[in-house]
Amino acid sequence: NLDVVDIDGAVDMASTLAVGGVLTANAGVVVDNITLDGAEIDVNTNLTIDSAGYIIIDADTDGNIYLNDAGTGYGQLSGASGDFTISSAGSDKDIIFKGNDGGSAIEAMRIDMSAGGNVGIGTASGDVFGRGYAKSLSIDSTGITKLQIDSASGQYAGIDFGVNGTRTADINSSASSLGLNTIGAIPMTFVTNGTERMRIDSSGNVGIGGTPS
């Protein structure tokens, strides 16, 4: 048995090299393939994987990939039945998308797990802010453009409107009707080219070309 072996030149070996202790290779190790009998690789500094081609992570059991920090899980990537799932592991911990806008770090989108999965775009809250006038949400297309809101059978689909957290009006549709509704004493007005053409007040009175009489 040898405690230490110093080899300055090349060694060609056709059979298996069994090392019971630590194998130190300060200049690096070049191999065709590596098979690990153990389940862990420990690195004492940053780990860099520099590949001239693809980097493929092939995990069985639904392809689960767990992301941990000091042993505590914070995220998971998985696939089942062809679906790709991104999961936040901690209770009420959000999924956040960040980027760089002109040299400044920005939060582009957040999925708020403590608010039932509400999505905030351009804001940390569960609201949607888009580009355009007064931070409106714009949907652009070179073809047919539609916003579809679909409800389950027996339910209705709708849009609620509000000011400063107070609901002011809504549009709702069921399988048999379409409803336009204002809340409280707010009248319903119909405007073309910036001019009011018709008004229905909260009592149901109708005024065309003027206020209801």
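Which residues are linked with Glu107 in a network of salt bridges? Asp94 and Arg110 are linked with Glu107 in this network.

## Basis

This is a predicted model, in which local features need pLDDT of at least 70 and side-chain atom pairs count only at pLDDT 80 or more, while totals for chains, interfaces and linings use all residues. Residues are numbered from 1 along each chain as its sequence is written, and side-chain values use heavy atoms, with hydrogens and water left out.

## Salt bridges

A salt bridge is a side-chain nitrogen of Lys or Arg within 4 Å of a carboxyl oxygen of Asp or Glu. By this rule there are 5 salt bridges. In the one between Arg110 and Glu107, the closest N and O atoms are 2.8 Å apart. Arg110 is buried, at 16% relative accessibility, whereas Glu107 is partly exposed at 24%. Here buried means under 20% relative accessible area, exposed over 50%, and partly exposed in between (1.4 Å probe, protein chains only).

Arg167 and Asp160 also form a salt bridge, with 3.5 Å between the closest N and O atoms. Arg167 is partly exposed at 43%, and Asp160 is exposed at 55%.

## Asp112

Asp112 lies in strand β5 (residues 104-112); strands are DSSP runs of E, at least two residues, numbered from the N terminus. Asp112 is buried yet has no salt bridge. The nearest side chain of opposite charge (Lys and Arg count as positive, Asp and Glu as negative; His and the chain ends are not counted) is Arg110, 6.4 Å away.

Conventions:
Helix = DSSP H or I, 4+ residues; strand = E, 2+ residues; numbered from the N terminus.
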